[in-house]
Amino acid sequence: MRIKQRPEDFSVRESYRFDPVPDGRYRVYLMDKQKLSTFEAVERIRTRFGLRPGAISFCGLKDKQGRTEQLIAVDGAEVDVQDPDLRLKPLGRTTRPLSAENTTSNRFSVTVRALADDDLSELPRAAAEVNRLGVVNYFDSQRFGSLKHGQGFIAKDLLRGDFEAALRNHLARPSPLDRTDDAKVKEFWRKHWGDWTRRVPWEAGRRYDRILRSLREKPGDYVRAFLQIDSSYRALLLFTYQSWLWNEGVRRLLQLALPREDLFPLRYQAGTLLFHRDADPETLRWLRGLTFPLLGPDTPLEEPRVREAVEWVLGREKLRLDQLRIPGAERLLYFKHEERPVLVQPSKLVLGRTQADELNRGYAKLNVAFTLPPGSYATLVVKRLFHRTAREDTAEEIQASTRRPAPEPPSGPPSERALPGGRRPVDLAPPRPVPAPAPKPEPPAGPRGFRAHAKARKEARAAARARQKLR
């Protein structure tokens, strides 16, 4: 099972509401972006039009790997962007910046590829389970990009009061997966940490100008420098750690509430998640009405099993609730308590028609569409539907794969090839089975390297042309 092989394979449309005011201070746009994170898109607009940090508000973060639409509001300026991967459509004006309250729901359309027989045979049962049980409302891997890119949880540095370590992780820890100039900028500061008189030779370094200006003025004041990071991104750094604590706490809660045989694991970027495949009616009613807290120092813990799960996860982190404070910047950096539903119920779930997958020959694809409330992850719904074959590479595996040579294509007709775990590709009908590739002429005996193969194929084609001329 594969998703997001092409940007158009994953699309989301935001259902929104805002109060239009003809002479409002904020101009509202529908932002259509592709292969860009919300932060990257907003930063491009802000830089192009010389807007101050925080001048652009939005309802939430949308996935980078796909095509997404969402609202943004620009404070006091009219902008126009019509790039191939980023477009703005003006919708009107309003008197307030946008927030999550302006989103009512998100409609997702996901093309799922590389499907084999057992993927499709299990799908009706999995869809019935999703409709009956819902899906655990975890935060998925997209929330934990800092782990994928080797920065870890910067919030942990902040909780220790180590603002220099937090700033190093933000400014001077290049991702091994990043091939952009931003990685070059971070490598530059990794090598020259503390030498703030230096000038970065790449344009991408401009995004860190405020931080570096602060360090040049007060070299040892890492708190002041860290607070030059855009406030929305600073909040995200704390929210990332909160999200992981939430995931771990809910995972523990399910272990307390359900027998082991009713649970199954799924790996993701930050570890392992647990989902339920069944639940007795009473427990299911309890889970449907239950929320679990995003933790802050003032979080109330009234439900006994929720309190037990929270104490378990904080104990592993060697923390108490009252220690979820950032020493030295309590008023500007803080963990905000919020309740999040434990289960989410996808609505209007539609499974499309199975078709041949043009990107993965011999396999099938189909479209899955559904609606989710704001803040829930479509990728988790898809993984839940195909959980018996879903797999996610870790950052280490992704990095290793970039160093390995591309594997040789599998031999034999598609119906005789096996996926990992012994799964078999799909033989689609109707309209007709995916045809097996024509057999290739055997190369002559000798070396089996790439050049030998290429030479053998060339000689075989020349021989075939010669035989054709003789006829």
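A helix axis here is a line fitted to C-alpha atoms over the stretch in contact, and angles run from 0 to 180 degrees between N-to-C directions. Keep that in mind as you move around this predicted model.

**First stop: α5 and α7**

Select residues 163-171, which form helix α5, together with residues 209-217, which form helix α7. Their axes lie 12 Å apart, and the two helices pack at an angle of about 140 degrees. An angle over 145 would count as roughly antiparallel, so α5 and α7 are oblique to each other. Now show side chains. From α5, pick L167, H170 and L171; they meet I211, L212 and L215 in α7. By class, five residues in this contact are nonpolar and one is polar, with no charged residues.

**Second stop: α9 and α11**

Next, select helix α9 at residues 231-257 and helix α11 at residues 304-316. Here the axes come within 8 Å and cross at roughly 130 degrees, so this pair is oblique too. The crossing of α9 and α11 is right-handed. On the α9 side of the contact, display W244, L245, E248, G249, R251, R252, L253, L256 and A257. Color them by class and you will find nine nonpolar, one polar and six charged residues in the contact of α9 with α11.

Finally, which residues line the second largest pocket? Select R17, F18 and D19, then T94, T95, R96, P97, L98, S99, E101 and N102 to see the lining. Three of these lining residues are nonpolar, four are polar and four are charged. The space in this second largest pocket comes to about 250 Å³.

Key. Residues numbered from 1 in each chain as written. Predicted model: local features only at pLDDT ≥ 70, side-chain atom pairs only at ≥ 80, totals over all residues. Heavy atoms only, no water. Helix = DSSP H or I, 4+ residues; strand = E, 2+ residues; numbered from the N terminus. Parallel < 35°, antiparallel > 145°, perpendicular 65-115°, else oblique. Contact = heavy atoms within 4.5 Å. Nonpolar A, V, L, I, M, F, W, Y, C, P; charged D, E, K, R; others polar. 1 Å grid on protein atoms, 1.4 Å probe; cavity = no way out; pocket = protein on both sides within 12 Å on 5 of 7 lines; lining within 4 Å. Points joined across faces, edges and corners; volume = space filled by probe spheres on them. Left-handed = near helix turned anticlockwise from the far one by under 90°.
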